[in-house]
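Welcome! Try each task yourself before you read its solution.

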Amino acid sequence: LCFIFYFYICKNIARFSMENIKNVDNIEAKDILPRAFAEDVTSIKQRYEQKKAELGKTDRQIYKLLSMEPKTLNSILDGTAKRVNFTNAIKLANFLDITLSEIAESYLSTADSKEIEEIQAARNLQYISENFDITALTKERFFEKHYNAKEMSERIISFFGLGSLYDYTKEAQTSTAFSRTKKKLRTDLMRDFWVVSALTQFKRINNPNTYDRKALIELIPKIRPYTMNVRTGFKMVLRALFQVGVTVIFQPKLENTQVRGATMIVDDKPCVVISNLNNKYPTLWFALLHELSHVLFDFTNIRNQTYHISDGIGDLMLTNEEKADKFANDYLLNDSRLTFAKRYINSPIMLESFARQCGIHPSIIYVRYCYTNGNWAFYNKFIPKMDEAIQDINTDPFGHDSLLESVSLIKEFYNI
């Protein structure tokens, strides 16, 4: 009924005085539908009989007073009207001295199951539109093109393992940094979706190891040589980090996002997400070291906010991204070594030899050089993609019916 009201408001609002249109702006399906089935809802018929007795008038007198046909009024009162004219709804609301919202609530309390199902679907669609970027998620094949509101609801509930569709907001708002603005940008919606997906997985993984900051500090200097092994090095480092209480997962970036990585705190333990932004092997290591810098130096701030995303946009925590970038760059290849390496940039054999001396993969040198000097087109042939390195940890979370499937694969990787 509320949707019919909105339709008529658009077409007829100029015809009614402000006194006649009571609280029209407050009519919302998402509020009306739950209230319609509350135990204390008084039906329109009951309200009508009360008002008739109060005024001491007959039905015939009221028909004339409202300028409504008996059949029209009675069909509204007994809930059999298939469509309710907005003008008649205004008349009846004024006569009963109630709001249009109360008319809708009373009417819906007597509606049949098919009508309720249609209105619930519309309510769900409104919620989904407010909290999910349907177009982008369809491009990502999370939603199929033919999905209706019911199918989208079922997909979301199954994917996140929710009790109901509306639990998504509750899950998201466990983070104080979650965007709560009513009208969100598409980038906000996709970032929220990406973050909730990662948080959901970390909660289900539940790393049994206690976070040991001292052990992490001792481990970090040992990481660099593992960059030389594209096939197994990254995976071996992730398993070592897991043992000191740092959980790392891979989660691909999504449409309308530029997320390179993120640091989250779940159950007082650091969790790191690495994405496939730019899809370059050295980026894996840079992103990992960048996030480990946040773990070491920004743990308390991030714990207060639950997560921090490294995407170039920044956040209200004023987490020092430049400091984290410097930490990663200096660890992998500091400026003095980069300056020395530049003299061999067009001599692959010499550059590979220097990379071995530094204990790093040569592609790290090429990437650092290209970021400062450009010419990616020429040097890209020396920079492998990250596909081989993430083969065993790329669980393709967004391709599963449920994140539990991804979590199961991650647990298998970490032997838990």
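**Exercise 1.** Is Asp 325 buried, partly exposed or exposed, and why?

*Solution.* Start with the ground rules. This is a predicted model, in which local features need pLDDT of at least 70, side-chain atom pairs count only at pLDDT 80 or more, and totals for chains, interfaces and linings use all residues. Residues are numbered from 1 along each chain as its sequence is written, and side-chain values use heavy atoms, with hydrogens and water left out.

Next, recall the classes: buried means under 20% relative accessible area, exposed over 50%, and partly exposed in between (1.4 Å probe, protein chains only). Asp 325 has a relative accessible area of 25%, so it is partly exposed.

**Exercise 2.** Which side chain meets Asp 325 in a salt bridge? Find a second salt bridge, this time for Arg 303.

*Solution.* First, the criterion: a salt bridge is a side-chain nitrogen of Lys or Arg within 4 Å of a carboxyl oxygen of Asp or Glu. The partner of Asp 325 is Arg 260, at 3.5 Å from N to O. This pair links distant parts of the chain, 65 residues apart: Arg 260 is in the loop between β1 (247-250) and β2, and Asp 325 is in helix α17 (residues 321-333). Helices (H or I, at least four residues) and strands (E, at least two) are DSSP runs, numbered from the N terminus.

Now the second pair. Arg 303 meets Asp 268 at 3.0 Å, N to O. Here too distant parts are linked, 35 residues apart, with Arg 303 in helix α16 (residues 299-305) and Asp 268 in the loop between β2 and β3. Arg 303 is partly exposed because its relative accessible area is 37%, and Asp 268 is partly exposed because its value is 45%. A search of the whole structure finds 14 salt bridges.

**Exercise 3.** Look at helix α3 (residues 44-55) and locate Tyr 48. Then explain how far apart Lys 51 and Glu 54 sit along the helix.

*Solution.* Begin with Tyr 48, which counts as buried because its relative accessibility is 2%. Leaving out residues up to four places away in sequence, Tyr 48 touches Asp 59, Ile 62, Tyr 63, Leu 73, Leu 77, Phe 95 and Leu 96, where contact means heavy atoms within 4.5 Å.

Move on to the charged pair. Lys 51 and Glu 54 are three residues apart in α3, so about one helical turn separates them. They form a salt bridge, with the closest N and O atoms 3.7 Å apart. Lys 51 counts as buried at 17% relative accessibility, whereas Glu 54 counts as exposed at 58%.

**Exercise 4.** Which side chain makes a polar contact with that of Lys 280?

*Solution.* Find Lys 280 in the loop between β3 (269-274) and α15 (281-297). Lys 280 is buried yet has no salt bridge, and the nearest side chain of opposite charge, Asp 387, is 11 Å away. (Lys and Arg count as positive and Asp and Glu as negative; His and the chain ends are not counted.) The polar contact is with the side chain of Asn 380, at 3.1 Å. Such a contact is a pair of N or O atoms within 3.5 Å; within protein, one must be able to donate a hydrogen and the other to accept it, and residues adjacent in sequence count only if both atoms are side-chain atoms.
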